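Could you walk me through this structure, one selection at a time? I have it open in my viewer and I'd like to know what to click on next.

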Amino acid sequence: MNNLVVEAVGLRKSFKGRAALSGLDLGVPAGSLFGFLGRNGAGKTTTIKILMGLLKSSSGSVSIFGLPIDVAGNALDIRRRIGLVTEDKELYPYMTVAQIIRFTRPFFPKWRDDLERRYIKLFDLPPDKKIPDLSKGMRSKLMLLLAMSRGAELLILDEPTDGLDPVAVEEMLREVIRLSVEEGTTVFFSSHQLGEVEQIADRVMIIDRGRSIVCGSLDDLKESYRRLHIVFDEDIRTPIQWLDGAEHVRQEGRTVSILASRNVGGLTGQAQSFPGSHVEVLPVTLKEIFLDHVRGN
Amino acid sequence: MLWIKAWLEIRWRLAFALALALSPLGGMYFKGMSSPEAVGRAVAFAAMLWVVTAVPLAGSGIKTQSPLQGTKGLHGSTQFTLALPVSRFRLLSVRAGVGLLAMCGVIMISGTVAWALFPVLRANSTLSDFWRWIVTVCCCAAGLHALSILASTVLDEYWQVWATMITVGVLKLLTIQFPPPSSVDVFRVLAEGSPLQTHSLPWPMIAVSLGSGAVAFLVAVRVADSCEY
């Protein structure tokens with residue numbers, strides 16, 4: 001796909017012999033709201049650290065804004081165009097809210113004073129309060145302000161809603177969507193919160209054990225994936241060889257549940273061909289797709 | 001803006017370093033010390049202490065940004081810092097530069113206080129000798145400061161101080177065991193070989209101290225560049 005803001009090919013990274021990334025391919029189109037999903041330890045934060053130059057990949061290549069990150073001189077230009085919310089939400093404990101804003105602003109030539117004022121008001125941030133005196137939620141909000149006021153072309157958000165109350169989560173998601181729609185900012189959103197990702201993302205990638213297991217447009221995924229719920233009149237004694245498209249099959253007594261990624265018609269026909277079967281075809285949520293894939297993997 | 005960050009990180013250390021540097025002078029003054037030999041020995045000890053203040057004034061490394069987090073082994077705001085569009089070389093240089101200025105400030109203030117409090121120092125030395133002495137002590141401290149910067153790139157700040165001080169102790173033992181030429185003996189130029197006595201700058205020692213400091217700093221930059229966080 002052309003016009004990729006982030007492009008990683010065959011990314012590998014090991015820590016003390018244990019693979020964190022095992023040939024990850026990643027493509028984030030410009031202007032997209034890209035949901036990056038995975039379990040704890042799946043490799044999400046490692047990927048983000050590699051994108052930001054905090055870690056070096058063992059092999060593979062990464063380009064951001066078309067610039068290879070391992071070429072000297074590119075790193076600073078790339079970081080100038082990125083807003084990052086880190087997973088730990090740690091900021092300098094010896095600074096106040098106003099001080100860290102004043103500290104961060106000069107590093108980013110496209111800093112948006114209007115957005116800074118907007119977020120101070122929206123997030124109700126007390127300028128004179130020291131960072132250790134802020135709650136985790138307030139620190140998350142401050143970090144969002146520091147990332148989203150940069151005038152960044154790419155926003156990398158690692159668990160951005162961590163510590164936020166439901167109202168603040170809604171405000172934050174609305175702002176992320178607004179930045180994407182009105183400013184054309186590409187958003188790379190890594191989260192465990194599948195509901196939040198489903199609410200805002202237009203593309204998603206699910207990674208597990210350091211490799212991509214599902215990737216695509218969220219609408220296409222939800223359109224192509226279906227759950228087939230089949231109930232038989234009697235217990236099934238022999239295993240059934242299901243047609244192509246059956247991603248994961250769970251069989252309990254007289255009930256079979258199939259997550260189908262394609263060929264839903266064919267699978268439905270196959271299920272109906274068994275005597276005494278009752279087939280129901282249901283839409284699936286992102287959570288179901290996620291759980292089925294990571295459990296199956 | 002990085003200098004503000006560096007300043008906020010070391011301002012309390014600076015206050016501590018200044019108190020530490022001035023404390024022997026206060027003791028000497030209130031004891032009424034006046035004999036040239038006693039003052040000379042005590043000022044030499046004080047100068048050694050001023051050099052040691054270079055260790056905490058090197059600040060903590062990229063990994064450990066605050067004392068409490070450092071001792072807990074947490075990495076604090078490392079990710080935020082490294083996500084700024086700033087090279088690691090610049091991060092290290094600004095921190096080293098601010099620490100160096102603070103260290104020179106401590107030495108200059110302490111030296112001036114000593115010069116003002118003890119007339120015996122002025123009896124056999126000129127103002128030029130005083131400046132030569134301050135420059136010499138600053139150069140000695142600069143080498144140690146760079147060593148501490150290097151230690152901070154690989155160790156947390158608790159071990160940074162210990163590792164640097166142990167290195168200094170080992171160097172002192174080595175100079176006792178294998179005495180170097182007196183012109184490059186750092187410990188000697190702070191005591192009996194000080195410019196207050198010799199009335200000249202110890203150029204070989206200055207070259208050795210600044211040279212080894214530069215090497216330590218360059219190694220620190222290489223280490224910081226190759227580190228993963």
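This is a predicted model: local features need pLDDT of at least 70, side-chain atom pairs count only at pLDDT 80 or more; totals for chains, interfaces and linings use all residues.

Here is a short tour, stop by stop, of what to select and what you'll find there.

Stop 1: Colour chain A by confidence: its mean pLDDT is 90, and 99% of its residues reach 70 or more. Within chain A, helix α10 (residues 286–296) has the lowest confidence, with a mean of 82, while helix α3 (residues 97–104) has the highest, at 96. Now switch to a cartoon view, where chain A shows 10 helices and 14 strands. Its C-alpha atoms fill a box of roughly 70 × 40 × 35 Å along the principal axes. Of the 297 residues in chain A, 39% are buried.

**Stop 2: the two domains.** Select residues 29–58 plus 81–216 of chain A for domain 1, then 225–296 for domain 2. Give each a colour. The centres of these two domains of chain A, taken over C-alpha atoms, are 38 Å apart. Where they touch, domain 1 of chain A puts in 10 residues and domain 2 of chain A puts in seven. On the domain 1 side of chain A, look at α7 (194–200), β9 (203–208) and β10 (211–217), each of which supplies at least two residues. That side of domain 1 has seven nonpolar and three charged residues, but no polar ones.

**Stop 3: the nonpolar core.** Which residues have the most contacts inside the largest nonpolar core? Select A:A147, A:L155, A:I156, A:F188 and A:F189 to see them; the core itself has 80 residues. Helix α5 of chain A gives the most to this core, with eight residues. Both domains of chain A give residues to the core, so it lies between them. As a general rule, nonpolar side chains in soluble globular proteins tend to be buried together.

Zoom in on A:L155. Leaving aside neighbours within four places in sequence, A:L155 is in contact with A:G83, A:A147, A:M148, A:L179, A:T185, A:V187 and A:F188. Apart from this core there is another one of 55 residues, including B:V43, B:L121, B:C139 and B:L190.

**Stop 4: a hairpin.** Go back to chain A and pick strand β12 (residues 246–252) and strand β13 (residues 255–260), which pair in the antiparallel sense over six bridges. Find A:A246 and look across to A:A260 in β13 of chain A, which stands opposite. The two strands form a hairpin with two residues between them, and A:G253 in the turn has a positive phi of about 60°.

Stop 5: Most residues other than glycine have a negative phi. Select A:D124: it isn't a glycine, yet its phi is positive, about 60°. You'll find A:D124 in the loop between α4 (113–122) and α5 (136–148) of chain A.

B:H199 is in the loop between α10 (195–198) and α11 (203–226) of chain B. With 14 C-beta neighbours inside 10 Å, B:H199 counts as partly exposed.

**Stop 6: where the chains meet.** Finish by showing both chains: 19 residues of chain A are in contact with 19 residues of chain B. On the chain A side, helix α2 (residues 74–80) gives the most, with three residues. Colour that side by class and you'll get 13 nonpolar, one polar and five charged residues.

Notes
Residues are numbered from 1 along each chain as its sequence is written. Chains are lettered from A and ligands numbered from 1 in the order in which they are written. Two residues are in contact if their C-beta atoms, placed from the backbone, lie within 7 Å. Helices (H or I, at least four residues) and strands (E, at least two) are DSSP runs, numbered from the N terminus. Ala, Val, Leu, Ile, Met, Phe, Trp, Tyr, Cys and Pro count as nonpolar, Asp, Glu, Lys and Arg as charged, and the others, Gly among them, as polar. pLDDT is the predictor's confidence in each residue, from 0 to 100. Two strands pair if DSSP finds at least two bridges between them. Domain bounds come from an automatic or database domain assignment. A residue is buried if 20 or more other C-beta atoms lie within 10 Å of its own, exposed if 12 or fewer, and partly exposed in between; C-beta atoms are placed from the backbone. A nonpolar core is a set of buried Ala, Val, Leu, Ile, Met, Phe, Trp, Tyr and Cys residues joined through C-beta atoms within 7 Å.
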